[in-house]
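This report describes selected surface, aromatic and helical features of one protein model. The structure is shown first, and the description follows.

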Amino acid sequence: MWLCNSSIGRKVVMSVTGVALILFLTFHMSMNVAALFSGEAYNLICEFLGANWYALVATLGLAALAVIHIVYAFLLTMQNRRARGAERYAITTRPGKVEWASQNMLVLGLIIILGLLLHLFNFWYNMMFAELTGIAVPHDPADGFAYIKDTFACPVYVVLYVIWLVAIWFHLSHGFWSAMHTLGWSGKVWYNRWKVIGIVYSTLLMLGFLVVVLAFAFGCAPSLCCCY
């Protein structure tokens, strides 16, 4: 109950789930980079992570983490808005030391959720869900490489994914060091260090995803050359 009703408790839950989601994103990015160099290798990973019991358990766990993170973020945002009351309408300029991402976490969160739904439709629906239900899909559920090619051959999807990745970058660049601070891992010395580490890590992470999107969008991924 303490975790559900106190501001500090909600921040701790958000921080723990956020760190777990960052670790997943790191794995997901590493997996996607494999698709740049070998479609066969990427599909082997997809097959390993298909509708197996361990993949299903991991998917359910990941979904639970995401839902908890989103719910607690929303609750904390609403709590902060109620605490400020009418004062938030009296302030028309952003304080100099307050980051833009910190001021717009709710908007960024909404963009991220919409991007996540699009991503689930393009990949999870056609792969794991299709394998579980047996529905007809354009390619074999384990042929993730084909779905990457199809998705990023569409300019609209490319633009939407780029916007999504930018929103995630802003969210992570603030959330990373904020989580470290909430968990008590940032004293006076490490406060600024975690900020720098968070920006660098978030940038490298999102660049990994972005390179895959653009490489397939412009047809310059090395793995595409091997297909001809």
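## Nonpolar surface patch

Leu114, Leu116, Leu117, Leu120, Phe121, Trp124 and Tyr125 make a nonpolar surface patch of about 650 Å². Patches consist of residues with over 30% relative accessible area and no salt bridge, with like charges joined within 9 Å and nonpolar side chains (Val, Leu, Ile, Met, Phe, Trp, Tyr) within 5 Å. A salt bridge is a side-chain nitrogen of Lys or Arg within 4 Å of a carboxyl oxygen of Asp or Glu. Accessible areas come from the Shrake-Rupley method with a 1.4 Å probe, and for residues only the protein chains shown count as cover.

The model is predicted: local features need pLDDT of at least 70 and side-chain atom pairs count only at pLDDT 80 or more, whereas totals for chains, interfaces and linings use all residues. Residues are numbered from 1 along each chain as its sequence is written, and side-chain values use heavy atoms, with hydrogens and water left out.

Leu116 belongs to helix 7 (residues 105–133); helices (H or I, at least four residues) and strands (E, at least two) are DSSP runs numbered from the N terminus. Leu116 is partly exposed because its relative accessibility is 33%, the classes being buried under 20%, exposed over 50% and partly exposed in between (1.4 Å probe, protein chains only).

## Aromatic pairs

Rings of Phe, Tyr and Trp (its six-membered ring) pair if their centres lie within 6.5 Å; planes under 30 degrees apart count as stacked, over 60 as edge-to-face and the rest as tilted. This rule gives 12 aromatic pairs. Phe121 and Tyr125 are stacked, because their ring centres are 6.0 Å apart and their planes lie at 20°. The two residues are 4 residues apart in helix 7, and therefore separated by about one helical turn. Phe121 is partly exposed at 46% relative accessible area, as is Tyr125 at 34% relative accessibility.

A tilted pair is formed by Phe176 and Tyr201, with 5.9 Å centre to centre and 35° between the planes. This pair links distant parts of the chain, 25 residues apart: Phe176 in helix 9 (residues 155–182) and Tyr201 in helix 10 (residues 188–217). Phe176 is buried at 12% relative accessibility, whereas Tyr201 is partly exposed at 31%.

## Geometry of helix 9

A kink of about 25° in helix 9 is centred on Gly175; the bend at a residue is the angle between axes fitted to the seven residues ending there and the seven starting there. Just after helix 9, Gly184 adopts a positive phi of about 80°.
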